[in-house]
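Have the structure open while you read.

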Amino acid sequence: MLKQGKKMNFISIIMGSKSDYEIMKHCADTLEKFNVKYELIISSAHRSPSRTKEYIKAAEEKGAVTFIAAAGMAAHLAGALAASTTKPVIGVPMKGGAMDGMDAMLSTVQMPAGMPVGTVALGRSGAVNAAYLSMQILAIFDKELAIKLAEDRIVQAKKVETDSAEIEVII
Ligand code: RP5
């Protein structure tokens with residue numbers, strides 16, 4: 001049985017395997033950068049289905065706002081989460097295996113009508129964007145976070161300019 005704490009708003013990150021952590025660490029790091037609370041666990045839809053189901057219930061009761069599911073290969077995790085919760089589920093397909101992520105991407109994105117999984121990109125970009133997308137959902141009711149996200153966009157735009165200034169050639 002997983003531990004239960006006080007009710008609070010947080011993002012839940014679930015990975016199918018420890019081998020997904022190297023990429024999903026970028027998701028956790030992004031949430032930390034914005035001071036957003038999260039949980040991160042390993043639980044597999046195939047290898048530990050009961051643990052996965054129990055965790056979703058416990059996390060929902062504690063106040064999980066979105067679930068981020070990272071899995072590779074047959075990638076059933078995001079779909080299994082979507083079947084068990086009406087909270088937004090964001091799927092991050094993992095690279096690797098014989099098809100290097102194409103299998104995971106199709107498994108994650110091809111959900112039947114009425115069971116949505118918001119699927120982000122393969123690999124690091126997907127891991128980071130899963131965090132951003134979750135924060136954007138949180139920010140609908142969190143003005144402070146909305147301001148931080150807006151400021152981050154300005155920083156990103158400025159970086160494009162400074163990067164360009166270092167190497168640009170303009171006639
Ligand atoms: C998936 O299978 C996991 O999410 C992982 O991406 C992939 C391979 O898992 P390991 O064999 O490395 O544990 O379920």
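## Around the ligand

Which residues surround the ligand? Keep in mind that this is a predicted model. In it, the ligand has Gly16, Ser17, Ser19, Asp20, Arg47, Ala71, Gly72 and Met73 around it. Sort that shell by class and you get 2 nonpolar, 4 polar and 2 charged residues.

For Ser17, the distance to a ligand oxygen is 2.6 Å. Ser19 has a polar side-chain atom 2.7 Å from a ligand oxygen, and for Arg47 the figure is 2.8 Å. On its own, the ligand has 360 Å² of accessible area, and the protein covers 71% of that.

## The largest pocket

So where is the ligand, in pocket terms? The ligand takes up the space of the largest pocket, which holds about 330 Å³. This pocket is lined by 19 residues, and Gly16, Ser17, Arg47, Gly72 and Met73 are the closest to its centre. By class, the lining splits into 7 nonpolar, 9 polar and 3 charged residues.

## The second largest pocket

What classes make up the lining of the second largest pocket? There are 5 nonpolar, 2 polar and 4 charged residues.

Conventions: Residues are numbered from 1 along each chain as its sequence is written. This is a predicted model: local features need pLDDT of at least 70, side-chain atom pairs count only at pLDDT 80 or more; totals for chains, interfaces and linings use all residues. Side-chain values use heavy atoms; hydrogens and water are left out. A residue is near a molecule or strand if one of its heavy atoms lies within 4 Å of it. A polar contact is a pair of N or O atoms within 3.5 Å; within protein, one must be able to donate a hydrogen and the other to accept it, and residues adjacent in sequence count only if both atoms are side-chain atoms. Accessible areas come from the Shrake-Rupley method with a 1.4 Å probe; for residues, only the protein chains shown count as cover. On a 1 Å grid over the protein atoms alone, a cavity is a set of points where a 1.4 Å probe fits but cannot get out, and a pocket is an open set with protein on both sides within 12 Å along at least five of seven lines; lining residues have an atom within 4 Å of a point. A molecule sits in a cavity or pocket if more than half of its atoms lie within 2 Å of its grid points. Ala, Val, Leu, Ile, Met, Phe, Trp, Tyr, Cys and Pro count as nonpolar, Asp, Glu, Lys and Arg as charged, and the others, Gly among them, as polar. Grid points are joined across faces, edges and corners, and a volume is the space filled by probe spheres set on the points.
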